[in-house]
Amino acid sequence: MTALRLLTRFIDRLNLVGAVVAALAAALLALLLIVEVITTSAFAWSQPWAIEFSTYLLAFVLFCGTGWTLRSGGHIRVAAVTQALPPALRRLMDLAASVFGLGVTGFIAVAMVSQAIRTAEIGSRSFYPLATPLILPQGLLAAGFVLLALAFLARVLRALVNDPVEDAGRHAGGIE
């Protein structure tokens with residue numbers, strides 16, 4: 001197996017971990033909201049940390065699984081345009097879009113990692129009653145963007161060597 005394929009498989013595995021984190025965050029978010037509704041309705045008692053952690057969990061759900069979604073072909077696309085193109089031009093447009101996506105997500109990932117590092121250095125905490133160290137949610141959010149940037153990198157590398165850019169065993173075709 002070539003080094004390129006080992007790298008792209010490693011990136012796929014990292015993104016699978018991100019998807020698992022996103023799924024766990026979604027389950028925890030649902031549980032948190034159910035408990036909050038029950039305690040507020042039945043006991044007129046609201047958990048002061050529920051809003052804070054539900055916000056963090058929602059961000060994790062939205063961003064930690066996006067790299068896996070990209071690999072599995074689950075992102076929204078305009079199939080009417082791409083299906084009308086000849087295969088060679090379709091591959092070229094996909095490569096160009098992937099390079100653009102890598103640039104954008106790479107920029108955001110670097111910015112998010114820098115922000116998380118600055119937050120850790122100054123010891124920022126949330127303004128909510130628990131005063132959560134903000135490095136925790138910011139670090140995981142930054143990791144989500146790093147995973148997405150890596151997924152775009154793997155997609156670009158696969159496109160350059162004419163390997164399938166999506167895992168056909170998952171969604172195959174995305175949301176159209």
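Start with Asp-94. Its relative accessibility is 23%, which counts as partly exposed; the label covers values between buried (under 20% relative accessible area) and exposed (over 50%), with a 1.4 Å probe and protein chains only. Before going on, note that this is a predicted model: local features need pLDDT of at least 70, side-chain atom pairs count only at pLDDT 80 or more, and totals for chains, interfaces and linings use all residues. Residues are numbered from 1 along each chain as its sequence is written, and side-chain values use heavy atoms, with hydrogens and water left out.

**Stop 1: Arg-155 and its partners**

The side chains of Asp-94 and Arg-155 form a salt bridge, 2.8 Å from N to O. The term means a side-chain nitrogen of Lys or Arg within 4 Å of a carboxyl oxygen of Asp or Glu. This pair links distant parts of the chain: Asp-94 sits in helix H5 (residues 87–122) and Arg-155 in helix H6 (residues 135–160), 61 residues apart. Helices here are DSSP runs (H or I, at least four residues), numbered from the N terminus.

How exposed or buried is Arg-155? It is buried, with a relative accessible area of 6%.

Now select Glu-166. Arg-155 forms a salt bridge with Glu-166 too, with the closest N and O atoms 3.3 Å apart. Arg-155 is in helix H6, while Glu-166 is in the segment after H6, 11 residues away. Both residues of this pair, Arg-155 and Glu-166, are buried.

**Stop 2: Asp-12 and Arg-71**

Select Asp-12 and Arg-71. Their side chains meet in a salt bridge at 3.3 Å, N to O. Asp-12 lies in helix H1 (residues 3–43) and Arg-71 in helix H3 (residues 66–71), so the contact ties together parts 59 residues apart in sequence. Arg-71 counts as buried, at 16% relative accessibility.

Asp-12, Arg-71 and Arg-158 are linked in a network of salt bridges. The whole structure holds 5 salt bridges.

**Stop 3: the aromatic rings**

How many aromatic pairs does the structure hold? There are 4. Select Phe-53 and Tyr-56 for one of them: an edge-to-face pair, 5.9 Å centre to centre, with 70 degrees between the planes. Rings of Phe, Tyr and Trp (its six-membered ring) pair if their centres lie within 6.5 Å; planes under 30 degrees apart are stacked, over 60 edge-to-face, the rest tilted.

Both residues are in helix H2 (residues 50–63); being 3 residues apart, they are separated by about one helical turn. Phe-53 is partly exposed at 29%, whereas Tyr-56 is buried at 13%.

Trp-49, Phe-53 and Tyr-56 form one aromatic cluster.

Technical notes
Helix = DSSP H or I, 4+ residues; strand = E, 2+ residues; numbered from the N terminus.
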